[in-house]
Amino acid sequence: MMKIFVAALAVVILPVQAVAGTAAGYITGLMAHSGGEDSGPGVFMFTLDGDRNNAPSCSTENGGKDWAMSLESEAGRAMYALVLSAHAQGKRIYVTGTGHCDSWGDREQPEWISVGQ
């Protein structure tokens, strides 16, 4: 009985984390969506050519290789500028996701992006 109680308590207390994807590669596609009056803020999407790991179940577009971020926040606009700069310079990028597809329903939202050398 005590084992069942401890197991149940652990399930309630331990945080539940979403699966966050990772990817690295060169940018092969860029798309900006205006958002519009009924669809919320603008959204920026990009595609990578490299392998995708641990994509959440919501990330289905292009085999999970597409990413999307809202341009409403400063963080989203900073990532937008970083992706555009990396693409213009032909640099490889590394992405870790949030595990959620909040900005666009079938593309994971990045948590962070870094540019390779």
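Reader: Which residues touch the most other members in the largest nonpolar core?

Author: This is a predicted model, in which local features need pLDDT of at least 70 and side-chain atom pairs count only at pLDDT 80 or more, while totals for chains, interfaces and linings use all residues. Side-chain values use heavy atoms, with hydrogens and water left out, and residues are numbered from 1 along each chain as its sequence is written. A nonpolar core is a set of buried Ala, Val, Leu, Ile, Met, Phe, Trp, Tyr and Cys residues joined through side-chain atoms within 4.5 Å, where buried means under 20% relative accessible area, exposed over 50% and partly exposed in between, with a 1.4 Å probe and protein chains only. The largest such core has 13 residues, and those touching the most other members are I27, F46, L48, V83, I93, V95 and I113.

Reader: Which elements each supply at least two residues of this core?

Author: Helices (H or I, at least four residues) and strands (E, at least two) are DSSP runs, numbered from the N terminus. Read along the sequence, the protein chain follows the pattern α-β-β-α-β-β-β-α-β-β, which gives three helices and seven strands. Among these elements, at least two residues of the core come from each of β3, β5, α3 and β6.

Reader: With which residues is V83 in contact, leaving aside its neighbours within four places in sequence?

Author: Contact means heavy atoms within 4.5 Å. V83 is one of the buried residues of α3, and it is also among the core residues that touch the most other members. Once the neighbours within four places in sequence are left aside, the contacts of V83 are I27, L30, F44, F46, I93 and I113.

Reader: Why are the buried residues of α3 on the same side of the helix?

Author: The buried residues of α3 are G76, M79, V83 and A86. The arc is that of the directions from the helix axis to the C-beta atoms, and these residues lie on the same side of α3 because they cover an arc of only 90°.

Reader: Which exposed residues are carried by the face of α3 turned away from its buried side?

Author: The buried residues of α3 pack against β2 (27-33), β3 (43-48), β5 (66-70), β6 (93-97) and β7 (110-115). On the face turned away from that buried side, the exposed residues are E74, A88 and Q89.

Reader: How many Å does α3 reach from its first C-alpha to its last?

Author: Helix α3 covers residues 74-89 and has 16 residues, and it is followed by G90, whose phi is positive, near 70°. The expected span of a helix is 1.5 Å times one less than its number of residues. For α3 the expected value is 22 Å, and the helix comes close to it with a reach of 23 Å.

Reader: Which residues form a disulfide?

Author: A disulfide is a pair of cysteine sulfur atoms within 2.5 Å, and a search of the whole structure finds one. The two sulfur atoms are 2.1 Å apart, and they belong to C58 and C101.

Reader: Where in the chain are the two cysteines of this pair?

Author: The pair links distant parts of the chain, 43 residues apart. C58 is partly exposed, with a relative accessible area of 25%, whereas C101 is buried at 12%. C58 is in the loop between β4 (52-53) and β5, and C101 is in the loop between β6 and β7.

Reader: Is the disulfide right-handed or left-handed?

Author: The handedness is read from the torsion about the S-S bond of C58 and C101, which is about 80°. With that torsion, the disulfide is therefore right-handed.

Reader: Is S59 buried or exposed?

Author: S59 is found in the loop between β4 and β5. Leaving aside neighbours within four places in sequence, S59 is in contact with R52, G64, D66, C101, D106, R107 and E108. The relative accessible area of S59 is 7%, so the residue counts as buried.

Reader: Is S57 buried or exposed?

Author: S57 lies in the loop between β4 and β5, and from C-alpha to C-alpha it is 9.0 Å from H100, although the two are 43 residues apart in sequence. Its relative accessibility is 73%, so S57 counts as exposed.
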